[in-house]
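Have a look at the model first, then read on.

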Amino acid sequence: MKRIAVIGGGISGLVAAFQLQKHRERGAEVDYTLIEASQRFGGVIKTEQVEGCVLESGPDSFLTEKAWGADLCRELGLEDQLIYSNDSDRQTYMFVEGRRVPIPDGLMFMVPTKFVPVFTSPLFSWTTKLRILKEWFHKRSADAGDCTVSDFIARHYGREMVDRVADPLLAGVYGGSADELSAQSVLPRFVEIEAKFGSLGKAMIAARKQSLGGPNKPIFTSLRNGMQQMVDALVTRIPQTARRLNTQVEQIKTESGKWLAVTAGRTEEFDAIVLAMPAYAAAGLLGDAPKISQQLNATRYSSSVTVALVYDGTVRAALSPGFGILVPRSEGLRTLAVTFVHNKFSNRAPEDRAVIRCFLGGSRDELVLEETDENIMTIVRRELQQLAGIDATPLLARIQKWPRAMAQYGLGHTGKVAQIREMVGGIPGLALAGNAYSGIGVPDCVRSGSEAAAKILADLGMVVHASGAGRTAGT
C-alpha cells in the first residue's frame, strides 16, 4: 500500500485527492491523506446564502470554454445545477473621465472585431480609432519574444487601448498590471495569432465568421447555489478518515526514499507528496530542493478584497442594465471593478433585491488589506456613488480579504514554469498544483490538481486497468 499526502485543501488539492480516491475505488493500492491548515476546505471558493441571496467571497463563476470545470461538475453529479451567464443582457461599462461608457459590441477581450460600434463609441479617441484601422496591416512578429501585455497591446492599438481596456480587464481577472504581466503567459492565443497572421483584428474576425451558425456558448458558468457546491461535492467524495483540517505542515524532507511530513508534534512517512498551495508556501517546505524553492519564490502574488452588498428593489430598479463596471487606474479610485451579480446570473437574488460585488486591491494597492472593515465600507460606498449612482445604505454587507491569493505571471513566467516542471519531473513522488503555473481560474486549478495526481500515480508505478483492478507496474 502506497501512502500519499496531499497538502493544501483548496480546489487543486481537493481535485488531486478526488482523483486518488477514484483510483483507490478502482482497486489501486493507495492510501492518501488530504491535509489543510485552515478550518475549512475550498481555499478562495466560499459561498454564503443570506435571505435568498447568493454571496460569493471568491470566484463567482468560471469560463465556459475551459471545459475542465464543467466536466468535473458533471462527474460529481452536479450537471443539473450548472447555470450560465445571462449573455443576452451582457453589457459592461468602463468608467472613463467620470462617466460610464459602454464597452462597444464586438470588442473581444481587447481586440475590436466590429468597426461600426468601435468607431461610434466615445471610449476611444480618433487617434486610437485610426490605430485600429492601421492594425489590419500589422506584420507578423514570429521572433518578437516575451513582452509585457502593455507593450504587446500598445504596438497593435496604442497606449489608450492599454489604459482604457487591457489594464482594467487584467486588474479584474489577475489583480495585476498590464505593465508587468507577460503577454506570452496571459495572452498566449493573441501571441500565437500575431506570430502566424500579424493582425489580431483580421484573425479574430476570420474566426468569428467561421463560427457563425454554430451554437453560441455562454461566457461564464456557475452553480445554482454558488461555487461552494463544487467544493462540498468534492469533500463528500473524500472519506472523512482521509480529510484533516487545522493541520499546519511545518516541514517536508526526504529520508531513505520516503517523504516525511512534519506537523506540530508529529512526523508522518509517505511515499509521495502533492503540494497544492501557493508557490511561496511550497517553496518554504522544499528546503531539500533549493533550486525548485528559488524558482517558486520568484513568483509574485497580489492580494484582493471583495465586498458583497445587498440592496433593496429600489436600487435594483435604478441600476443600469448589464454585468458591471471596470475602472481604469487613471480615474484615481481604489475600486477596480463592480459586478451587478443579480444581472449576471439568474437565481442570485429575489426580485426585490440587488446583489453587488466590489473588488479592491491588486498589485497596485496591496495596502488596502491594512484598512479596517469600516474604512473599506466607507471607500466602497463613496465610490459606488460615483460609479453607479448608489447612495442608499446596503441591507447587509460581507467583506473578505484575500492576502497573496493571485499569482502574477510576469515576464519569463512560461520559461520558469517549464524549468520547475523539468526539475519536479526528476523527483519521484513530488508534484505541485495550484494557480501559480498554468492558469489562475477554477478550471485551470482543476486541471492542475488532476495532473498532479496523475504524476504521482505514474511515479509510484500505479496502473489502473479498465476492469477496475489496480496493480503496480510490472506485476
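1. Start with β16, residues 272–276: in this predicted model, β16 pairs with β22 in the parallel sense, over four bridges. If you want a spot to check by eye, L275 stands opposite L432 in β22.

2. Now zoom out to the sheet around that pair. Five strands make up an open sheet with parallel pairing, and the order reads β12-β2-β1-β16-β22. At the edges sit β12 (243–244) and β22 (430–433), each pairing on one side only.

3. Next, the helices on the sheet. Helix α1 (residues 11–25) lies across β1 (2–7), β2 (30–35), β16 and β22, and runs at about 160° to β2. Helix α17 (residues 442–459) also packs on the sheet, where α17 touches β1, β2, β16 and β22. The direction of α17 makes about 175° with that of β22.

4. Then there's α12 (residues 290–297) with α16 (residues 413–425): their axes come within 10 Å and cross at roughly 155°. That's over 145°, so α12 and α16 are roughly antiparallel to each other. Their crossing is left-handed. On the α12 side, K291, I292, Q295 and L296 meet K416, Q419, I420, M423 and V424 in α16. That contact divides into five nonpolar, two polar and two charged residues.

5. Finally, compare α4 (residues 126–135) and α5 (residues 149–157), whose axes come within 7 Å and cross at roughly 90°. These two helices, α4 and α5, are therefore roughly perpendicular. Here T128, R131, I132 and E135 in α4 meet A154, R155, H156 and Y157 in α5. By class, you get three nonpolar, two polar and three charged residues in the contact of α4 with α5.

Definitions and conventions: Residues numbered from 1 in each chain as written. Predicted model: local features only at pLDDT ≥ 70, side-chain atom pairs only at ≥ 80, totals over all residues. Heavy atoms only, no water. Axes fitted to C-alpha atoms, helices over the stretch in contact; angles between N-to-C directions. Parallel < 35°, antiparallel > 145°, perpendicular 65-115°, else oblique. Left-handed = near helix turned anticlockwise from the far one by under 90°. Contact = heavy atoms within 4.5 Å. Nonpolar A, V, L, I, M, F, W, Y, C, P; charged D, E, K, R; others polar. Pairing = 2+ DSSP bridges.
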